[in-house]
Amino acid sequence: MNRRDFSLSTLLLGSAGALATVPAWAQGAAPQEGKDYIRLSQPVNTNVPQGKLEVLEFFWYSCPHCNSFEPTFANWVKAQPDDVAVRRVPIAFQQNANFVPQQKLYYALEGLGLLDRFHTAAFNAIHRERKRLNSDEAIFDWAKSVGIDVEEFKKTYNSFTVANSVRRATQLQNDFRIEGVPSLGVAGRYYVDGTMAGSLGRMLDVTEQLLAIERQKAG
C-alpha cells in the first residue's frame, strides 16, 4: 500500500512465481538507477556496525502487500550472509492515525523479546482472523488473547523506549522518502519498492545487486 494506491496485481506477483525467482539481474539486465531503484541524494546514517550492510524493510501490519511479502522476506533474511544486517521499520503515513498503534505494537513485541513468536501472528490476526488492530485497546485485547502478559505488554507499549523507537522510525521513513510499503532501504544509500522494480520478488533481486555493489566498493 502507498499514497499513490499501487495496484495489488503489480505489487504482489507480476507473475505466478515472482517471489521465488533467482536474481533477475543475474539472468538479464542489471537494475537501472532512477528506474529500478533510487540513489538517495544524502546517505542516511543508520548506526549500522562497521563492516555490515543494512537492509531496512518498511512495512505496515494492515497492508495486504506486506502480509503477502512477509514469508518470502523472512526466508530471504535467513539466507543472507553475515555481513547483512536486516531491520524492520513499521511506518506511519500522516493522514491515517491508525498507523501509530501498530508501530507501538511492533516495538513492544521487540522490547519484550516476542517478535519471533508474534510478528507473523499479528499479520495473521489482521489478514486471516479479520481483527482490526488499529487502536490501543484492540491491540491489548489481542495480546491477551494470544497469551501475552498484558500488563507487562502495556508497560512496554507505553514506555519511553517504544515512543523513541516510533520517532526514529518516522525519521527513517522521512529520510528514505518512503512512498509505499513494503519497500526497502539498502546500505543507507538506496530506496527500492515493488512498483519501481516491477514486482516484490525483483525488489529483492535489485537489493542483492545493490549489496553486491557496496561490497565491491568496500574492496
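Predicted model: local features only at pLDDT ≥ 70, side-chain atom pairs only at ≥ 80, totals over all residues.
At what angle do helix 3 (residues 64-78) and helix 10 (residues 200-218) pack, and how far apart are their axes? The first legend gives the answer.

Figure 1. Helix 3 (residues 64-78) and helix 10 (residues 200-218) pack at an angle of about 40°, and their axes are 10 Å apart. The two helices are therefore oblique to each other. Their crossing is right-handed. On the helix 3 side the contact involves H65, F69, T72, F73 and W76, which meet L200, M203, L204, T207, E208 and L211 of helix 10. By class, these residues are seven nonpolar, three polar and one charged.

**Figure 2. Helix 4 beside helix 5.** The axes of helix 4 (residues 99-111) and helix 5 (residues 115-127) come within 9 Å of each other and cross at roughly 155°. An angle over 145 degrees counts as roughly antiparallel, and helix 4 and helix 5 are therefore assigned to that class. Helix 4 passes helix 5 in a right-handed crossing. Helix 4 contributes Q102, L105, Y106, L109 and E110 to the contact, and helix 5 contributes L115, F118, H119, A122 and I126. Seven of these residues are nonpolar, two are polar and one is charged.

**Figure 3. Helix 4 against helix 7.** Helix 7 (residues 150-157) packs on helix 4 at an angle of about 115°, with the axes 9 Å apart. Helix 4 and helix 7 are therefore roughly perpendicular to each other, and their crossing is right-handed. P101, K104, L105, A108, L109 and G111 of helix 4 meet F153, T156 and Y157 of helix 7. The contact of helix 4 with helix 7 has six nonpolar, two polar and one charged residues.

**Figure 4. The largest nonpolar core and the surroundings of L105.** This core has 44 residues, of which F58, Y61, L105, L109 and F153 touch the most other members. Two or more residues come from each of strand 2 (53-59), helix 4, helix 5, helix 6, helix 7 and helix 8 (160-175). Apart from its neighbours within four places in sequence, L105 is in contact with Y61, A122, L133, I139, W142, F153 and Y157. A second, separate core has 19 residues, including F73, L184, V186 and L211. In soluble globular proteins, nonpolar side chains tend to be buried together.

**Figure 5. Helix 6 and its cover.** A138, I139, F140, W142 and A143 are the buried residues of helix 6. Among the elements that cover these buried residues are helix 4, helix 5 and helix 7. Just after helix 6, G147 takes a positive phi of about 90°.

**Figure 6. R132 in the loop between helix 5 and helix 6.** R132 lies in the loop between helix 5 and helix 6 (136-145). Is R132 buried or exposed? R132 has a relative accessibility of 63% and therefore counts as exposed, since the cut-off for that class is over 50%. R132 and S62 are 70 residues apart in sequence, and their C-alpha atoms are 8.5 Å apart in space.

**Figure 7. Overview of the whole chain.** The protein has 10 helices and five strands. Of its 219 residues, 48% count as buried. Among contacts between residues at least 6 apart in sequence, 72% join residues at least 24 apart.

Conventions:
Residues numbered from 1 in each chain as written. Heavy atoms only, no water. Axes fitted to C-alpha atoms, helices over the stretch in contact; angles between N-to-C directions. Helix = DSSP H or I, 4+ residues; strand = E, 2+ residues; numbered from the N terminus. Parallel < 35°, antiparallel > 145°, perpendicular 65-115°, else oblique. Left-handed = near helix turned anticlockwise from the far one by under 90°. Contact = heavy atoms within 4.5 Å. Nonpolar A, V, L, I, M, F, W, Y, C, P; charged D, E, K, R; others polar. Buried < 20%, exposed > 50% of the residue type's maximum accessible area, 1.4 Å probe, protein only. Core = buried A, V, L, I, M, F, W, Y, C linked by side-chain atoms within 4.5 Å.
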